Amino acid sequence: FSGSRISFCLPSVLLAARIWIFCFALPSPVMSAVRHIVFFRLKADTTAEQKEQLVEALRGMPAGEDLKDIIKALRVGEDLGIPHPSGPNASIAVMVDFES
């Protein structure tokens, strides 16, 4: 994730080829916020420690010097491990609400 004043790196060793990103504009009478929803599917050889490091890094985003003023809310969720007939689920989901 990078921008003019914002930078945030995720270890590429943890990420598989597919990352889904959804953006939504949230209605507001004063200003419009942006909601990003990102799904990560980790590589099969990702260790539990690497996964936990990624989750902690994501949860720590609002504390980042460049991000603390623009992140309104952040939620990080992990897959419950319930098999799905269409294939594996995303390992981690992140929902971030940003100021407009």
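Mentor: We can start with confidence and then turn to the helix, the strands and the salt bridges.

Trainee: What should I know before I start?
Mentor: This is a predicted model, in which local features need pLDDT of at least 70 and side-chain atom pairs count only at pLDDT 80 or more, while totals for chains, interfaces and linings use all residues. Residues are numbered from 1 along each chain as its sequence is written, and side-chain values use heavy atoms, with hydrogens and water left out.

Trainee: What is the mean pLDDT of the protein chain?
Mentor: The mean is 77, and 69% of the residues reach 70 or more; pLDDT is the predictor's confidence in each residue, from 0 to 100.

Trainee: And where is confidence lowest and highest?
Mentor: It is lowest in strand β1 (residues 15–26), with a mean of 49, and highest in helix α1 (residues 48–59), at 95. Helices (H or I, at least four residues) and strands (E, at least two) are DSSP runs, numbered from the N terminus. Over residues 1–18 pLDDT stays under 50, and where pLDDT is low, the predicted coordinates should not be read in detail.

Trainee: Which residues of α1 are buried?
Mentor: They are L54, V55 and L58, where buried means under 20% relative accessible area, exposed over 50%, and partly exposed in between (1.4 Å probe, protein chains only).

Trainee: Why do they end up on the same side of α1?
Mentor: Because they cover an arc of only 100 degrees around the axis, the arc being that of the directions from the helix axis to the C-beta atoms.

Trainee: Switching to strands, what does β4 pair with?
Mentor: Strand β4 (residues 92–98) is joined to β2 (residues 33–42) by 7 bridges, running antiparallel, and it also pairs with β3 (residues 71–78) in the antiparallel sense over 7 bridges. Two strands pair if DSSP finds at least two bridges between them.

Trainee: How many residues of β4 are buried?
Mentor: 5 of its 7 residues are buried, so the strand is mostly covered.

Trainee: How many salt bridges are there?
Mentor: A search of the whole structure finds 4, counting a side-chain nitrogen of Lys or Arg within 4 Å of a carboxyl oxygen of Asp or Glu. One of them joins R35 and D97 at 2.6 Å, N to O, and this pair links strand β2 with strand β4, 62 residues apart.

Trainee: Is D97 buried or exposed?
Mentor: D97 is buried, with a relative accessible area of 11%, whereas R35 is partly exposed, at 23%.

Terms used
Contact means heavy atoms within 4.5 Å.
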